[in-house]
Amino acid sequence: MVTVTLPRSGELIGKFKLQPKKVLKVAIPETWMNKVTGVADNGIYVKSDEAITTTVYISYKWSGEAYRVIPAEVLGKRYYALSLYQDKTERERPGQILITATK
């Protein structure tokens, strides 16, 4: 079983039963997209009874991005980010890096 919650509001996105070697897609509300610079409490918490792999994919009009979520228990201290400009609209917006604290 996997539970996905939004800790800031305590909102439960859902509890899901995973099947071995199957992909489960869970949509997260767009209102939870980080839109500020600085500290924000926008974390999404994924808890599983067993070891799982979690991947995030975001699609824009002209581009997209994906990343593998690193479990809190194995976080390190040095990371690198390769960032492209985000979707081209009336202006180009710079790429982003999101640093997340677990405590």
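**Notes on an all-strand model**

1. The protein has five strands and zero helices. Read from the N terminus, its elements run β-β-β-β-β. Keep in mind that this is a predicted model.

2. Start with the sheet. Three strands form an open sheet, in the order E2-E1-E3, and the pairing is antiparallel. E2 and E3 are the edge strands, since each pairs on one side only. On average, neighbouring strands of this sheet are turned by 15 degrees against each other, with direction ignored.

3. Now look at one pair. Strand E1 covers residues 2–6 and pairs with E3 in the antiparallel sense. Four bridges join E1 and E3. Find valine 4 in the structure: valine 46 in E3 stands opposite.

4. Valine 46 also belongs to a nonpolar surface patch.

5. Where does isoleucine 44 lie? It sits in the loop between strand E2 (11–16) and strand E3 (45–48). Is isoleucine 44 buried, partly exposed or exposed? Its relative accessible area is 40%, so isoleucine 44 counts as partly exposed. Patch residues need over 30%, and isoleucine 44 has 40%.

6. Finally, the whole chain. The protein has 103 residues, and buried residues make up 10% of them. The accessible surface comes to about 9500 Å². Carbon and sulfur atoms account for 55% of that surface. Among contacts with a separation of 6 or more, 37% link residues 24 or more positions apart.

Conventions:
Residues are numbered from 1 along each chain as its sequence is written. This is a predicted model: local features need pLDDT of at least 70, side-chain atom pairs count only at pLDDT 80 or more; totals for chains, interfaces and linings use all residues. Side-chain values use heavy atoms; hydrogens and water are left out. Patches are made of residues with over 30% relative accessible area and no salt bridge: like charges are joined within 9 Å, nonpolar side chains (Val, Leu, Ile, Met, Phe, Trp, Tyr) within 5 Å. Accessible areas come from the Shrake-Rupley method with a 1.4 Å probe; for residues, only the protein chains shown count as cover. A salt bridge is a side-chain nitrogen of Lys or Arg within 4 Å of a carboxyl oxygen of Asp or Glu. Helices (H or I, at least four residues) and strands (E, at least two) are DSSP runs, numbered from the N terminus. Buried means under 20% relative accessible area, exposed over 50%, partly exposed in between (1.4 Å probe, protein chains only). Two strands pair if DSSP finds at least two bridges between them. Axes are lines fitted to C-alpha atoms, for helices over the stretch in contact, and angles run from 0 to 180 degrees between N-to-C directions. Contact means heavy atoms within 4.5 Å.
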